[in-house]
Amino acid sequence: MTLKQNIPLKAFNSFACDINAKYFTTIQSNQDIEVAFDWFKQNNTPYLVLGSGSNILFTKEVEALVLKMEIKGIQKTNETASAVYLSVGAGENWHHFVSYCVQKGWGGIENLSLIPGTVGAAPIQNIGAYGVEVKETIEKITAFDTHTGEWVTLNKLDCDFGYRNSLFKKEKNRYIISKVDFCLQKQPKLRTDYGAIREVLHQKEIQNPSLEDISNAVVLIRTQKLPDPKKLGNAGSFFKNPTISKSQFETLKIKNDDIMAFPISDTEYKLAAGWLIEHCGWKGVKKGHIGCFEKQALVIVNYGNGTGKEILAFSEEIIQSVFQKFGVLLEKEVNVY
Ligand code: EPU
């Protein structure tokens, strides 16, 4: 294991926060994980797995061993008349994997085009966009269990997926994911029900869209609405869309007729957090280096050399004002370190 010390993480987190990791190593194989595990146990040091750092906010120096996940490879493990089974290294870039599948004509993840991050990070928060969640295509996950020191294979049910949630969030820092297995469809049913996708297809006069048309539409919508982390520090949605009871929704609706929400069960509604934040007047607001993105209020951006602490403080102000105005408590989607 090549162990480095005091490594700057600015280039390894999409908020571009300028902090250091006390220890740092890259992981290219399962064996690298085992060696790192022995090291951090022997040295009684915590560890932190880093994919491409696109969903983490560093608010302090990292007094841990950072494992920069770089396990690569996309392998076809099985194929039937209707489906293809793929085993993918946790360090593969997510969008690269999506593009590979779209190009091969394998469907199921095209709506998740251009989501920043790695394949290994995708199941942790069960990434989702435009009517699709990654859990729908996941077959199993290979991970190292740091509680037992054993390799485990977790199937979809074991992973306990929910909206932006999974076993890996609930049992934080227990599993190190090395591989994700997917099942994709050769005659996919395209998901065009999301309004924004329908609009793009309509504008482009596409009546029988291909996988590539869907992927291109999603890329267009995302580039128009969300900031490019290479140009402007951000981690996508900073908050989750909150779930509230039907009765709380009905009370809110009386005062706020145009509130954006949709029912998720007979008794619960999911609210658009972006709408709540915008209606507290935050959209486009800048304070020092930090701001609420002008095109999507769910995104907090670092315009310059803002620190993680400043970003966190800004997010707390938003949480407070949404709570004061609507009585709804926003929960962060981004992992705060
Ligand atoms: N809205 C506003 N103001 C805003 C933003 C949104 O009023 O500033 C309202 C709009 O009316 C819109 C509704 O909220 O109709 C939903 O907005 P949008 O379609 O942009 O989706 P979202 O709920 O804000 C979620 C995901 C995104 C994902 C989109 C598209 C979460 C936390 N975020 O955002 O995921 O791309 O849906 O499916 O669930 C991410 O996780 O980083 C991310 C970008």
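In the predicted model, the protein chain is divided into three parts: domain 1 spans residues 4–69, domain 2 spans residues 74–185 and domain 3 spans residues 233–336. The contact between domain 1 and domain 3 draws on 11 residues from domain 1 and 17 residues from domain 3. Between the C-alpha centres of domain 1 and domain 3 the separation is 29 Å.

The size of an interface is often given as the accessible area lost when the parts come together. For domain 1 and domain 3, the buried area amounts to about 1100 Å², with carbon and sulfur atoms giving 54% of this area. On the side of domain 1, F15, N55 and L57 supply 59% of the area buried against domain 3, a share that exceeds that of any other three residues. The surface of domain 1 that touches domain 3 comprises six nonpolar, four polar and one charged residues. No salt bridges are counted between domain 1 and domain 3, whereas five residue pairs, with both members at pLDDT 80 or more, are in polar contact across the interface.

The open space of the model was also examined. Rolling a probe the size of a water molecule over the atoms shows where empty space is left. The second largest pocket holds about 190 Å³ of space. Its lining is formed by G107, G108, E110, N111, V132, E136, T137, C183, Q185, P188, K189 and R191. Classified by residue type, the lining of the second largest pocket consists of three nonpolar, five polar and four charged residues.

Key:
Residues numbered from 1 in each chain as written. Predicted model: local features only at pLDDT ≥ 70, side-chain atom pairs only at ≥ 80, totals over all residues. Heavy atoms only, no water. 1 Å grid on protein atoms, 1.4 Å probe; cavity = no way out; pocket = protein on both sides within 12 Å on 5 of 7 lines; lining within 4 Å. Points joined across faces, edges and corners; volume = space filled by probe spheres on them. Nonpolar A, V, L, I, M, F, W, Y, C, P; charged D, E, K, R; others polar. Domains from an automatic or database assignment. Contact = heavy atoms within 4.5 Å. Buried area = accessible area lost by both parts, 1.4 Å probe. Salt bridge = Lys/Arg side-chain N within 4 Å of Asp/Glu carboxyl O. Polar contact = N/O pair within 3.5 Å; in protein donor to acceptor, adjacent residues only side chain to side chain.
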